[in-house]
Amino acid sequence: MRIEADRGKCDGLGMCEAMAPDFFEVGEDGTVVVLDERPGEEHRQDLAAAVDACPVSALRLT
């Protein structure tokens, strides 16, 4: 599994960081930073919830 972030779409609202702080943070430039691009499958459920919570659809799991 891989986390993909479209930083051009990101508005820096921080929903992803609030739901999965071990994997996302809003950087100093106000856009998402993926802390671990290739997390283990055991995190899929939490990450899927964080991706779904993004109001601008800037995140994707592949």
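View 1. A salt bridge is taken here as a side-chain nitrogen of Lys or Arg within 4 Å of a carboxyl oxygen of Asp or Glu. Salt bridges with shared partners join R2, E4, E37 and R60 into one network.

**View 2. E4 also forms a salt bridge with R2, where the closest N and O atoms are 4.0 Å apart.** E4 is partly exposed, at 26% relative accessibility, and R2 is likewise partly exposed, with a relative accessible area of 30% (buried means under 20%, exposed over 50%, and partly exposed in between, with a 1.4 Å probe and protein chains only).

**View 3. R2 forms a salt bridge with E37, the closest N and O atoms being 3.6 Å apart.** This pair, too, links distant parts of the chain: R2 belongs to the segment before β1 (3-5), whereas E37 belongs to the loop between β3 (32-34) and α2 (44-53), 35 residues away. E37 counts as partly exposed, at 42% relative accessibility. The whole structure contains five salt bridges.

**Notes.** Residues are numbered from 1 along each chain as its sequence is written, and side-chain values use heavy atoms, leaving out hydrogens and water. The model is predicted, so that local features need pLDDT of at least 70 and side-chain atom pairs count only at pLDDT 80 or more, while totals for chains, interfaces and linings use all residues.

Notes
Helix = DSSP H or I, 4+ residues; strand = E, 2+ residues; numbered from the N terminus.
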